[in-house]
Amino acid sequence: MAVKNELIKLFEQNRGRYLSGEEIAESLGCTRGAVWKAVKKLQSEGYDISAVTNRGYRLDSADMLSAAGVEKYLGDNSGISLTVYKETDSTNTRLRELATNGAPEGTAVIAGMQTGGKGRLGRKFFSPSNTGLYLSILLRPEMTAADAVRITTAAAVAVAEAVEKISGKRSDIKWVNDVYMNGRKICGILTEASFNLENGGLDYAVCGIGINVYEPEGGFPEDIKDIAGAVLDTPAEDIRNRMAAMVLENFMGYYRHLSENSFLQGYQSRLMWRGEDINLIRGSEITPAKLIDADEKCRLMVRYEDGTEDTISSGEISIRKRK
């Protein structure tokens, strides 16, 4: 197991270059037989590793997620402890299990595919293989449940900044937790929490982020094809590792100063439909309103047709632009 993990690090450090079995064995302090077994194990897990006689081994995947691949872009003081899966049921589920066993704040789980990705209100989150980035980060904040919406909104800004830097395109945030690009949803965020019944605070929170980095082969499924979009049109070298590191570092930067609302201006400036007419949807009830802004508590500020104003908390309502 240790040889396999160290071998991935070595491949990441030498992308595009063949490494001989002898060179790898010497570098890792193991036998050439152990190197061969580690290569076979990685290949069975889906890593695209070529083996050429008299040349050695090379990691061929242009954009393969790995812990070593993400860590090389993280700062030394990121405070992030990573576990990366090629595939899992749900990164939020995996991380909640770690949280109940005492994992520290800053523990993160990343996957290249989810078989049971979660969205808001019990919905599924489409998480196909090798085209998306699915990550969850464990937090142990000292805050009330009412303040937890700041985690989600800070995460939205962290994602928006990362995808804008990588794509060169502007992004928008649909209140409260979706990031859009070119009018299509490219990211959903789900924060789940465990509450302390004695003090009304949080034992922990798990912030889950799912990003469509590329459009999957064959396109998005029928039920979301008119909504979903992707950050990039075509795969690019090592983008998902770089994007994961950017999102984590951006988010932790905001999270460490969450009470200062340093993310708020970035959230407000990207708020979709600000100043426009929308419909507020509560179940089957639809109420016309004008979207004014998000306030300092990240609540949606609206003005109804009779002139009265209201603030709406996260999770109570959905919004649509009026046509």
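In the hairpin of β12 and β13, Gly 307 takes a positive phi near 95°. This hairpin has 4 residues between its strands. The model is predicted, and its chain averages a pLDDT of 90. Beyond the hairpin, the points below cover a sheet, a pocket and a cavity.

**The hairpin**
- Strand β12 spans residues 300–304, and strand β13 spans residues 309–312.
- The two strands run antiparallel and are joined by 4 bridges.
- Leu 300 stands opposite Ile 312 in β13.

**The sheet**
- An open sheet holds 7 strands, in the order β3-β4-β5-β9-β8-β7-β6. Its pairing is mixed.
- The edges are β3 (81–85) and β6 (172–174), each of which pairs on one side only.
- Neighbouring strands are turned by 20° against each other on average, direction ignored.
- Helix α7 (residues 239–255) packs on this sheet. The helix touches β3, β4 (107–111), β5 (132–139) and β9 (202–212). The direction of α7 makes about 30° with that of β5.
- Within the sheet, β7 (residues 178–181) and β8 (residues 184–195) run antiparallel, with 4 bridges between them.
- Tyr 180 has Lys 185 in β8 as its bridge partner.
- As a general point, strands of a sheet pair through backbone hydrogen bonds, either parallel or antiparallel.

**The largest pocket**
- This pocket holds about 1200 Å³ of space.
- Its lining counts 47 residues, and the closest to the centre are Arg 123, Asp 178, Tyr 180, Lys 185 and Ile 227.
- Two or more lining residues come from each of α5 (91–100), β5, β7, β8, β9 and β14 (318–321).
- Strand β8 gives the largest share, 7 residues.
- By type, the lining divides into 20 nonpolar, 14 polar and 13 charged residues.

**The cavity**
- The model has 1 cavity of 30 Å³ or more. About 60 Å³ of space lies in the largest cavity.
- Tyr 47, Met 64, Leu 65, Tyr 85, Lys 86, Gly 112, Asn 130 and Arg 240 line the largest cavity.
- This lining divides into 4 nonpolar, 2 polar and 2 charged residues.

**Confidence**
- A pLDDT of at least 70 is reached by 96% of the residues.
- Among the elements of the chain, helix α8 (residues 264–269) has the highest mean pLDDT, 97. Helix α1 (residues 2–13) has the lowest, 84.
- Where pLDDT is low, predicted coordinates should not be read in detail.

Key. Residues numbered from 1 in each chain as written. Predicted model: local features only at pLDDT ≥ 70, side-chain atom pairs only at ≥ 80, totals over all residues. Heavy atoms only, no water. pLDDT = per-residue confidence, 0-100. 1 Å grid on protein atoms, 1.4 Å probe; cavity = no way out; pocket = protein on both sides within 12 Å on 5 of 7 lines; lining within 4 Å. Points joined across faces, edges and corners; volume = space filled by probe spheres on them. Nonpolar A, V, L, I, M, F, W, Y, C, P; charged D, E, K, R; others polar. Pairing = 2+ DSSP bridges. Axes fitted to C-alpha atoms, helices over the stretch in contact; angles between N-to-C directions. Contact = heavy atoms within 4.5 Å.
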